[in-house]
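Trainee: I would like to learn how to read a model like this one, feature by feature. Could we go through it together?

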Amino acid sequence: MTDWGADGVTIRFGRKTALDRVGVRVSAGKVTAVVGGDGAGKTTLLRCVVGALAPGEGTVRRPDARRTGYLPPGGSGYEDLSVEENLQFVRSSYRVDVQLDDYLDRAGLAAVRGRLAGRLSGGMRRKLGVIAAMLPGPELLVLDEPTTGVDPVSRADLWWLIARAAAAGAAVLLSTTYLDEAARAARVLVLDAGHTLAEGTPAEVVAAMPGTIVAVPGPPDDERERRRAWRRAGQWRVWQPDAADGLTPDLADAVCVAALRRELAARGELADA
Amino acid sequence: MILKEFRQLRRDRRTLAMMIAMPVLLLVILGYAASFDVSFIPTAVAGPDVAAVTATLPKSFHVVAANPKPDSAWARTELRDGHASIAIIGAGARPLVYLDGSQLFTARAALGGLGGSSPQSRGGLGGSSPRVILLYNPDLKTSYVMIPGIVGVILVFVGTVITSLGVVRERQAGTLEQLAVMPLRPADVFLGKIVPYFAVALADLAIVLAVGTAIFGVPFNGSVPVFALGALLFVFVTLGLGVLISSVSQTQGQAIQLAIMTLLPQVLMSGLIFPLSSMVAGVRWIAYLLPLTYFTEISRGVMLRAQPIASLWAPFTYLALLGAAVTVLATLRFRAFLAPKAAR
């Protein structure tokens, strides 16, 4: 099966480099998550993959527009069209012959099919946006933060929809700020200020983390050590580059360490850290 | 709060420019444009004594066409085709004078120049007592000349203001980017966006014309197809302007500002309210760039004077050229809008 994605993509907006030689691989039937904080370059990468933005350097592999589904940032259909009218518009634009009832049932929107999209709750609107992107039965499904700002129940519903799309054979590329969501993906790309911090399966990203992590009751006194510490779930964690024993790290720890290492390297503290 | 408001205002350069530059601009333009005083009355003279008649004319009457034969049909054609606002046939004690009532202020000024404020009282033309016939608007009704022009204003409103809002709304909602990556050609999106507004503009046109003729009794003397062609060209121009405005506006507020900046000069300077001949030359040239100037000429000419298309070639040509230029520009801008933006 074909892998979609991007290789060595660089995008600059004026003097600002939004993406610096970034690559991502999106396989059919799998979910690839792009994670990173604000300004990491997640949306820029997704826009580039979907064809809304042309890369300055590098290459992009994507199917043609008929076989690509896209949920833009904040996208959730036209406010002044009903749920059903939104889906009808997508169906006619892609010229696909699908039963809307299936999609409405899957998303739990059948009961509100006649309601204006602008009058839906936030979670319902995102579900509408996701099923609209899924409607053409795309080979590549690109979803920009589909679960951001959505309640936990709706998040679970959205992930069920996403998993269904992948199970149906779509290559899913999504961005998220939630690391617990990224941990469910087959592959993860971690971005920070337009640079790749880590890439691979969640297990590979965790395994690639050097050193180990220890838990401490409060912020470390030593200033250098404090720069390697972060707070998580009510406790402090410190990255120990040379220690052998410590906590079993998860994806969230590995991403934090990758970001710390980049910061420390920029300060020239990585060599003796 | 005041400091915050000033900071926001300072960064909203368009609003700031509108607040500072617009009043100055409007004052200067209107100072030169807003005048009902007619100092130039294009006059046609027919008959063997053209020179003698010309010598008796008041200062504001300028002979633009002359015919040695006392041909009243020729004189009426000069008025119908808009070459002259007044035609004087014959000389002697009781010459015949035709006045174009569709040029309201010019007709009133001409009546005044003839020595009377109404067709019943006169005494100009070197003491002779001309027989005056008011054509096209015998009672010099304001509604007769305003409604054909207002049709154009409504088309500008729907075509430019509403269209620009519709496109920008799509951009603001982020749905334009989604359209860009959907399997739709830019032309499909462009047409899909403007066809509904085009239809609404035409429906508005029909409603305004029906109301104008039924309630205000404005005559429709000319050819419906000629009028329809003029309206069609004009709607193309206004829709194209709407799309152009939307392509340089980030928000609906900015689009409204720009649309008003195109609507206001057209209302004030197209000859709809103030006669073009009353404006000083510099301002009149601005008026000649505005599409509404030409549509008003067409609509008044066709509706009131039954002007044929042959004598309206100039406004038709201008609107066609402007429509083509604006549509091409708007399409290009729209394509660039939908095409992947080149990152450097």
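Domains, contacts and sheets

Mentor: Let us begin with the domains: taken over C-alpha atoms, the centres of domain 1 of chain A and domain 2 of chain A are separated by 32 Å, the domain bounds coming from an automatic or database domain assignment. Domain 1 covers 3-201 and domain 2 covers 209-266 of chain A. This is a predicted model, in which local features need pLDDT of at least 70 and side-chain atom pairs count only at pLDDT 80 or more, while totals for chains, interfaces and linings use all residues. Residues are numbered from 1 along each chain as its sequence is written, and chains are lettered from A and ligands numbered from 1 in the order in which they are written.

Trainee: How many residues of domain 1 of chain A are in contact with domain 2 of chain A?

Mentor: Two residues are in contact if their C-beta atoms, placed from the backbone, lie within 7 Å. Here 9 residues of domain 1 of chain A meet 8 residues of domain 2 of chain A. On the domain 1 side, helix H6 (179-182), strand E9 (187-192) and strand E10 (195-200) of chain A each give two or more residues, where helices (H or I, at least four residues) and strands (E, at least two) are DSSP runs numbered from the N terminus. The largest share of that side, 3 residues, comes from E9(A).

Trainee: Which elements supply the side of chain A that touches chain B?

Mentor: In total, 21 residues of chain A are in contact with 14 residues of chain B. Strand E1 (3-13), strand E4 (53-54), strand E6 (68-71) and helix H2 (83-94) of chain A each supply at least two residues of the chain A side, and E1(A) gives the most, with 3 residues.

Trainee: What is the order of the strands in the sheet that contains E6 of chain A?

Mentor: Two strands pair if DSSP finds at least two bridges between them. In chain A, 6 strands form an open sheet of mixed pairing in the order E6-E7-E8-E3-E9-E10, and the edge strands E6 and E10 of chain A each pair on one side only. E6(A) and strand E7 (residues 140-144) of chain A run parallel and are joined by 4 bridges; A:Leu71, for instance, has A:Leu143 in E7(A) as its bridge partner.

Trainee: Which helix lies across E6 and E7 of chain A?

Mentor: Axes are lines fitted to C-alpha atoms, for helices over the stretch in contact, and angles run from 0 to 180 degrees between N-to-C directions. Helix H4 (residues 122-134) of chain A lies across these two strands, running at about 165 degrees to E6(A). Helix H5 (residues 152-167) of chain A packs on the sheet as well, touching strand E3 (31-35), E7 and strand E8 (171-176) of chain A, and its direction makes about 150 degrees with that of E8(A).

Trainee: Why is one side of E11 and of E12 of chain A left without a neighbour in the sheet?

Mentor: Chain A also has an open sheet of 3 strands, antiparallel in pairing, in the order E11-E13-E12. Strand E11 (212-216) and strand E12 (229-232) of chain A stand at its edges with a single partner strand each, so one side of each has no neighbour there. The twist from one strand to the next averages 35 degrees. Between E11(A) and strand E13 (residues 235-240) of chain A there are 5 bridges, and A:Thr212 has A:Gln240 in E13(A) as its bridge partner.
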